[in-house]
Amino acid sequence: MERVEPAHPDARPAIVWLGFLAMCIGMFMAILDVQVVATSLPTIQSALGINPDQMSWIQTAYLIAEVVAIPLTGLLTRLLTMRWLFVAAIGLFVTASAGCAASGSFGELVAWRVLQGFSGGTLIPSVFSAVFILFPNERQALATTIAGVLAVLAPTVGPIVGGWLTETYSWHWLFLINILPGIASAILAAFFLPRQPADPSELRHLDGLSLLLMATALTTLELSLKEAPTSGWTSAYVLSLLAICLVSGGVFIARTLSRRRPIVDLGNFADRNFLVGSTLSFVLGIGLFGSVYLMPVFLAFVRGHDALEIGMTMLVTGIAQLVTAPIAVALEKRMDARLLSAAGFALFAIGVGMSAFQDPRSDYDAMFWPQIVRGVAIMFCLLPPTRLALGTLPADRIPDASGLFNLMRNLGGAIGIALIDTIIYTRSEPLGQGLWARLRAGDIDAATFIGAPLQAISGHNGEFDADTAALLDPLVQTAASVQAINEAWMVVAILTGCALLCVPFARRPAST
């Protein structure tokens with residue numbers, strides 16, 4: 001029996017749109033929260049007296065809870081209905097945000113962040129499943145665009161919002177800004193989202209062991225990806241986490257596929273278009289999260305910019321995607337989703353690759369056009385793959401499928417960031433040694449790249465005296481970091497381009 005029904009065709013469009021926009025507001029706040037907190041971690045650390053090696057848990061706690069919650073969206077939707085799941089999730093998110101703002105210790109803050117992440121994790125897939133449940137085919141492209149723009153705009157404006165709030169007011173406002181929009185979206189959703197029958201029998205059929213196995217697999221995967229760049233991929237701790245992940249994940253998959261009412265319907269991957277769309281979502285996670293991560297790393301550690309300056313630079317991407325969004329909607333209605341997906345990922349890979357040629361003096365001007373190209377491409381990497389993955393599924397399968405689709409993007413992002421950190425940590429030192437060797441040989445190109453005085457390098461051969469070495473050392477270290485970052489950009493570009501390989505395997509979706 002279909003437990004999730006599409007919106008009634010006679011429902012007033014304005015009412016449906018109000019309910020959907022309320023959901024989009026909640027999703028935007030959940031995604032924004034991750035970025036605004038990331039920019040202000042040093043301030044929070046100082047205010048609460050947190051040890052530096054514990055600081056990252058403020059983000060990790062949120063992300064682990066989020067990644068566990070995302071695939072449970074289908075189960076929770078059947079249990080509570082889309083309407084009351086959203087109201088409950090945004091209510092818990094607002095409560096947890098207030099708790100974070102009032103926290104006086106590290107343990108208290110992390111506990112509230114777990115609740116915040118779990119509630120926020122259900123908001124994102126709920127919105128994307130609502131696109132295909134609430135709207136007829138001809139309205140789905142516009143709805144997907146609104147959700148997509150907000151989903152990718154939040155990380156772009158996050159540094160600006162976080163930096164401004166921290167500098168103008170205090171770190172508490174990073175969480176307090178969620179309260180009023182969250183309450184407003186909960187009220188609007190409660191009134192305007194369609195009423196659907198709940199299914200309390202889901203609780204009687206809940207497979208607790210599968211839930212535990214899934215949570216264990218996802219948690220250990222996130223922890224291993226967080227620790228691997230610094231501890232080493234072959235360290236005992238990371239290998240142990242990966243082993244637990246593989247065992248618990250394997251048992252979860254086998255158990256889930258054998259049950260009549262699984263907590264997550266992995267059978268969706270048997271649909272070829274959903275599999276291709278989810279693969280594209282995974283690759284987009286690598287490129288999108290990777291680019292949003294690499295730019296602040298470069299601007300903060302190489303150029304020395306603060307959070308507000310970083311946000312102003314990164315705003316270029318957001319403006320480009322806003323300008324492109326109407327064009328993407330128009331083309332998505334008229335063209336083959338496979339062709340648009342291929343064009344989008346090809347363009348996005350080019351935009352990422354354009355950033356792989358920076359030097360220590362690169363700044364706003366050098367980053368302008370790569371951001372424009374990526375901003376134009378983003379909507380074509382999001383809209384058509386979403387239609388490929390979810391547009392042809394029956395309504396009762398969409399909530400589960402949307403959770404898996406969004407989980408793939410988050411996992412892609414986590415793996416991409418771990419790969420980027422690994423490149424930066426492991427490649428900086430050998431690249432620095434290579435630069436020293438070139439400088440000792442009097443290489444003018446190397447001197448120009450690092451910004452060294454040319455007269456100190458031209459015609460030189462052999463070791464430098466102590467004063468010259470002291471002058472060059474910080475320049476070489478910075479330049480080696482830039483080269484490592486450039487290599488990370490290129491790897492992400494290549495991986496993003498690999499998405500093109502899976503597009504031909506998709507079937508042409510029905511015309512909208």
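The second largest pocket of the predicted model has a volume of about 420 Å³. A pocket is here an open set of points on a 1 Å grid over the protein atoms alone, with protein on both sides within 12 Å along at least five of seven lines, and lining residues have an atom within 4 Å of a point. Grid points are joined across faces, edges and corners, and a volume is the space filled by probe spheres set on the points. The lining of this pocket comprises 18 residues, with L218, F252, I253, L407 and L411 lying nearest the centre. At least two lining residues come from each of helix 10 (208-231), helix 11 (236-257) and helix 16 (398-440); helix 11 contributes the most, with five residues. Helices are DSSP runs of H or I with at least four residues, numbered from the N terminus. By class, 17 lining residues are nonpolar, one is polar and none is charged. Ala, Val, Leu, Ile, Met, Phe, Trp, Tyr, Cys and Pro count as nonpolar, Asp, Glu, Lys and Arg as charged, and the others, Gly among them, as polar.

Residues are numbered from 1 along each chain as its sequence is written. As the model is predicted, local features need pLDDT of at least 70 and side-chain atom pairs count only at pLDDT 80 or more, while totals for chains, interfaces and linings use all residues; side-chain values use heavy atoms, with hydrogens and water left out.

Helix 16 also packs against helix 5 (residues 106-134), at an angle of about 135° and with the axes 8 Å apart. Axes are lines fitted to C-alpha atoms, for helices over the stretch in contact, and angles run from 0 to 180 degrees between N-to-C directions. Helix 5 and helix 16 are therefore oblique to each other, given that angles under 35 degrees count as roughly parallel, over 145 as roughly antiparallel, 65 to 115 as roughly perpendicular and the rest as oblique. Their crossing is right-handed; this term applies if the near helix is turned clockwise from the far one by less than a right angle, and left-handed if anticlockwise. Helix 5 makes the contact (heavy atoms within 4.5 Å) through I124, P125, F128, S129, F132 and I133, and helix 16 through I398, P399, S402, G403, N406 and R409. Seven of these residues are nonpolar, four polar and one charged.

The axes of helix 12 (residues 272-301) and helix 14 (residues 337-353) come within 11 Å, crossing at roughly 30°, and the two helices are therefore roughly parallel. The crossing is left-handed. On helix 12 the contact involves L280, V283, L284, G287, L288 and S291, and on helix 14 it involves S341, F345 and F348. The contact has six nonpolar, three polar and no charged residues.

L288, S291 and F348 also belong to the lining of the largest cavity, together with V152, T156, V292, M295, M314, T317, Q371, R374 and I378. A cavity is a set of points where a 1.4 Å probe fits but cannot get out; two of 30 Å³ or more are found in the whole structure. The largest cavity holds about 100 Å³ of space. Helix 12 gives the most to its lining, with four residues. The lining has seven nonpolar, four polar and one charged residues.

Helix 1 (residues 13-39) and helix 2 (residues 41-48) have axes that come within 4 Å and cross at roughly 65°; they are therefore roughly perpendicular. V37, A38 and T39 of helix 1 meet L41, P42 and I44 of helix 2.
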